[in-house]
Amino acid sequence: MPTKKRGNPKSIRWKWGFLLSIAFFLLYFLSALLMLNVYKSYQYDQQKNEAENLLYSVQSALSEIDTKLSVNSVESMFEKISVSTVTKGLQSVGNYPFLEDLKSRGANIRVFDTDGQLLYETQKSYTTFIKNPDTYLRETKLNDLEAFVAGGPILSQEDSFLLGYVQIVFRLNDYHKVVSQMTQYFWLVTALVLVLSAAAGYGIAFYFFRPIKQMVDTMDAIEEDTLSETRIKISKSKDEFTDLSVHINGLLDKMALYVTQQKQFVEDVSHELRTPTAIVEGHLKLLNRWGKEDPQILDESLAASLTEIQRMKTLVQEMLDLSRAEQVEMHYKNEVTPIRNVVLHTFHNFKMLYPDFVFNLDDDLSREIYVNIYRNHFEQILVILMDNAVKYSTDRHEIHLSISESMSYVQIAIQDFGEGMSQEDQQKIFSRFYRVDKARSRNKGGNGLGLSIAKELLEGYKGDITVESVLGHGSVFRIQLPILKNYVPDEEL
Ligand code: ADP
């Protein structure tokens, strides 16, 4: 037996779990990454704006000096102004000393005279001075972090006379702080989402593919024991899996029934064969010991053995018929039989065979009726029922045969006035090998297979058989078969 691989990682549930987890995770990751970048570039632009505004404000503040720039004049100007005066257009943070504010923002201001000589700087800085007649702003890197360097001339307010140059180094401190915090959060949440996506992905996959797991478990149980009563649990949600589960359960039920029937059949057959075999064996032993010396015993034993052999032959033939009757649907799809003709034919045959019986025919049909059935099979059904009617008749030797049409079915009834049977027996007589009185039926040459064959054949042709009987008064067997509509036999064409 192959070893079972439970929780096989290649199983569809694991595959889907993995795919769903990846999908959830990617969905989150890409959108979060996008948002982070949008946020970063927004912050970056804000900082750029701030740098530009700062430069502009410092330029206009220094332009008020109006005389030649000196270390003292610049220093005293910077000490005089406060944030609210300088950061025009920027959000004011209150009357906060300008120089302290610069520090906290990571900005550094350098002022040069017209020759490019450094006059003043708020912090030590190593950036080079660019003598540029126009205002500029460019990006640079300080200690591997983005920063802005902005600068331009300082022109006197009165007559736009060149006083000197200013340069701002803007370190983007706030920006880097916020971005690094955001990035930290981003990775933290990413780790959390990774776990959650895996849980959600596998959870959903396991939930949706639960029926498959149940199917596999059920198959495992059936594989171990063919007659196990384990079935797939049918969930309340009506989906394709529910349909499939219902179908599989139906098939398993059929299979279990089939296996039980087969087992029962083999048991019954061996049981049925045991009696005739034992009888023949008994006779042969008797003859072997001394019986052959006595002509009378010899005759009797041979006759009895022949009867038993004949019985076995019939039994084998009937079993063969039964097995073939199970396959009519496949092999006799196109067979057509004129029903009325066969009924009349059988009726006359029985009349001839049993002259001491009175046979009545009640024919309600005014025309021939065609049914999709193989002629020999239909004859076989009629003969089984007529034979039984004769076999189980008692004092009143009378049999009624009737044929009629109702809706789209043809109905044939065979009635006798013999021993009849109890309600309980009526339920069982169509089962294989069932006989009401085993010994009596055996004496009459019955194996208990006739009605099973008839029923099996009729069901194969979409017909059916029923019985109505009163113990001690007789029985009526009714069969019906679907009429073949619009059928025109070859000779009439
Ligand atoms: P058998 O070969 O024993 O007749 P069947 O399958 O034809 O087998 O019938 C099963 C049993 O049903 C018979 O053994 C008999 O007891 C009962 N049965 C069948 N037909 C009749 C009938 N017309 N009247 C009374 N009992 C019947």
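A polar contact is a pair of N or O atoms within 3.5 Å. The exercises below apply this cut-off to a predicted model.

**Exercise 1.** Find which backbone or side-chain atoms of N388, G448 and G450 lie at what distance from an oxygen atom of the ligand.

*Solution.*
1. For G450, a backbone N or O atom is 3.3 Å from a ligand oxygen.
2. For G448, a backbone N or O atom is 3.2 Å from an oxygen of the ligand.
3. For N388, the atom is a polar one of the side chain, 2.8 Å from a ligand oxygen.
4. The ligand taken alone exposes 530 Å², of which the protein buries 98%.

**Exercise 2.** Describe the shell around the ligand: which residues are closest, and which elements give two or more residues?

*Solution.*
1. The ligand is surrounded by 19 residues, with N388, Y392, D416, S441 and L451 the closest.
2. Sorted by class, the shell has eight nonpolar, eight polar and three charged residues.
3. The space that the ligand takes is the largest pocket.
4. Two or more shell residues come from each of α11 (375-391), α14 (450-460) and β12 (474-482).

**Exercise 3.** State how many salt bridges the structure holds, then locate the partners R231 and D253.

*Solution.*
1. There are 14 salt bridges in the structure.
2. In the one between R231 and D253, the closest N and O atoms are 2.7 Å apart.
3. R231 belongs to the loop between α6 (210-224) and α7 (240-289), while D253 is in helix α7.
4. The two residues are 22 residues apart, and the pair links distant parts of the chain.

Notes:
Residues are numbered from 1 along each chain as its sequence is written. This is a predicted model: local features need pLDDT of at least 70, side-chain atom pairs count only at pLDDT 80 or more; totals for chains, interfaces and linings use all residues. Side-chain values use heavy atoms; hydrogens and water are left out. A residue is near a molecule or strand if one of its heavy atoms lies within 4 Å of it. A polar contact is a pair of N or O atoms within 3.5 Å; within protein, one must be able to donate a hydrogen and the other to accept it, and residues adjacent in sequence count only if both atoms are side-chain atoms. Accessible areas come from the Shrake-Rupley method with a 1.4 Å probe; for residues, only the protein chains shown count as cover. On a 1 Å grid over the protein atoms alone, a cavity is a set of points where a 1.4 Å probe fits but cannot get out, and a pocket is an open set with protein on both sides within 12 Å along at least five of seven lines; lining residues have an atom within 4 Å of a point. A molecule sits in a cavity or pocket if more than half of its atoms lie within 2 Å of its grid points. Helices (H or I, at least four residues) and strands (E, at least two) are DSSP runs, numbered from the N terminus. Ala, Val, Leu, Ile, Met, Phe, Trp, Tyr, Cys and Pro count as nonpolar, Asp, Glu, Lys and Arg as charged, and the others, Gly among them, as polar. A salt bridge is a side-chain nitrogen of Lys or Arg within 4 Å of a carboxyl oxygen of Asp or Glu.
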